Amino acid sequence: MRAQRASGGSGRGSSVAADHGVTLREQVRGFLPVRRPTVLRVPVERREARRLARRFRPEQPPSARRRGSGLADVLVLQLELPDRGSVVLKHAHSEPAARALDREWAVLTRLRQDERLGEWRRLVPAPLDRDLDAPLPMITESRLPGRDAATILRARPDTADSVARLALDALAVLHRVTARPEPGAGRADAWVTEPLAAVRGDVPWCRTGPGAAGLTAVGARLRGALDGRTVAVGWTHGDYHPGNVLLDEEGSRVTGIVDWGEARADGPVVVDAATFVLMVRCLRNGADLGPVVAGILHDGALAPEDARLLAGQDTADVADASDVDFVLLAWLWHVAANVTKSPRYGRSRIWYRRAVAPVLAEAVQWPVP
Ligand SMILES: Nc1ncnc2c1ncn2[C@@H]1O[C@H](COP(=O)(O)OP(=O)(O)OP(=O)(O)O)[C@@H](O)[C@H]1O
Ligand SMILES: [Mg+2]
């Protein structure tokens, strides 16, 4: 008997991007880019940077240099303070972004105080100032040395394997020290149901129709994968991509790991390695995340070189990152993190088509369990 399908989807890339149940206003807004246009963004950011710098030295504001892509609702600045040296300031533009900074502050504090991590803590920024109730909500943290791995990989794609290995090894220390094997089933609400609810709530194309059916299929598959499985549970970065890893000038040593707002002490640690390898694959192929993940799900396996990178990862004889189900979980976490940090992602049809729709089009074709 032919397996029943999770929806009436007619093939890969089928009608999952259709505007089922999406209001006209949402459809129109869907064409706005995720990033605010440069002509509007840059003058506002310059003004904000001056105001923020003046808080440290009103009469002679320190120099403030922008860092990061500015895609999320956070303005990241590097400030040179005469008395304290170089610090990184993060200013939230929205309520969700302020909540993400609050979470990041709490994580940095906990990690820096965790004696078990010893010298490894030098890779984590030290939290310095927190003022999230101010008119311009912000936190500051120590600036770690180095260049981010995404910049290095764009300039030298041939170094992808060695950079990935360094990045995976650096985080493996955190995982080894903090992770314990646990039954996965008890974690399904926090790891699967909550991120799915965030995506369903913030992405209009996932509320009804094939998008919703695709998400339901993703949820069923992930819950099934956790059921009866032992998973290493410990500190998980939660958004481990090359933009969040710093390396020295030669690209031979990890000098820092940043952007800890999505981290949790009780995550499935395999997700970080899966995320990193996925993002490196996107950089290598110049591809969007959605089709890359959909291709892996369709083939039932990672590209052999990606599987080799993950094979060396020590995850204490439990679920491993090259397992396609954990690739799917890494995708879900990444998508949920984006929509949680900035409402502009969920509203954007362009982002939806690039990052989300291809995976859901694949998912609606899975047999109902
Ligand atoms: N503590 C730090 N020390 C050194 N560099 C940092 C630090 N924090 C952030 N950066 C730099 O700023 C960039 C952006 O910071 P972060 O990743 O925390 O913000 P973001 O909102 O995720 O921005 P993006 O959308 O660019 O990823 C990082 O890629 C890194 O290059
Ligand atoms: Mg980042």
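What share of the contacts in the chain between residues at least 6 apart in sequence join residues at least 24 apart? Counting a contact as heavy atoms within 4.5 Å, the share is 73%.

## Basis of the model

This is a predicted model, in which local features need pLDDT of at least 70 and side-chain atom pairs count only at pLDDT 80 or more, while totals for chains, interfaces and linings use all residues. Residues are numbered from 1 along each chain as its sequence is written, and side-chain values use heavy atoms, with hydrogens and water left out.

## Overall fold

The chain contains 13 helices and 11 strands, taken as DSSP runs (H or I of at least four residues for helices, E of at least two for strands) and numbered from the N terminus. Its radius of gyration is 21 Å, close to the 21 Å that the globule rule gives for 369 residues, so the chain is as compact as a globular protein of that length; the radius is taken over C-alpha atoms, and the rule is 2.2 Å times the number of residues to the power 0.38.

Of the 369 residues, 53% are buried, meaning under 20% relative accessible area with a 1.4 Å probe, protein chains only.

## Aromatic pairs

The whole structure holds four aromatic pairs, that is, rings of Phe, Tyr and Trp (its six-membered ring) with centres within 6.5 Å, called stacked with planes under 30 degrees apart, edge-to-face over 60 and tilted for the rest. One of them is the stacked pair of Trp205 and Tyr352, 5.5 Å centre to centre with 20° between the planes. This pair links a loop between α6 (188-202) and α7 (209-226), where Trp205 lies, to helix α13 (residues 349-363), which holds Tyr352, 147 residues apart. Both Trp205 and Tyr352 are buried.

Notes. Chains lettered and ligands numbered in written order. Buried < 20%, exposed > 50% of the residue type's maximum accessible area, 1.4 Å probe, protein only.
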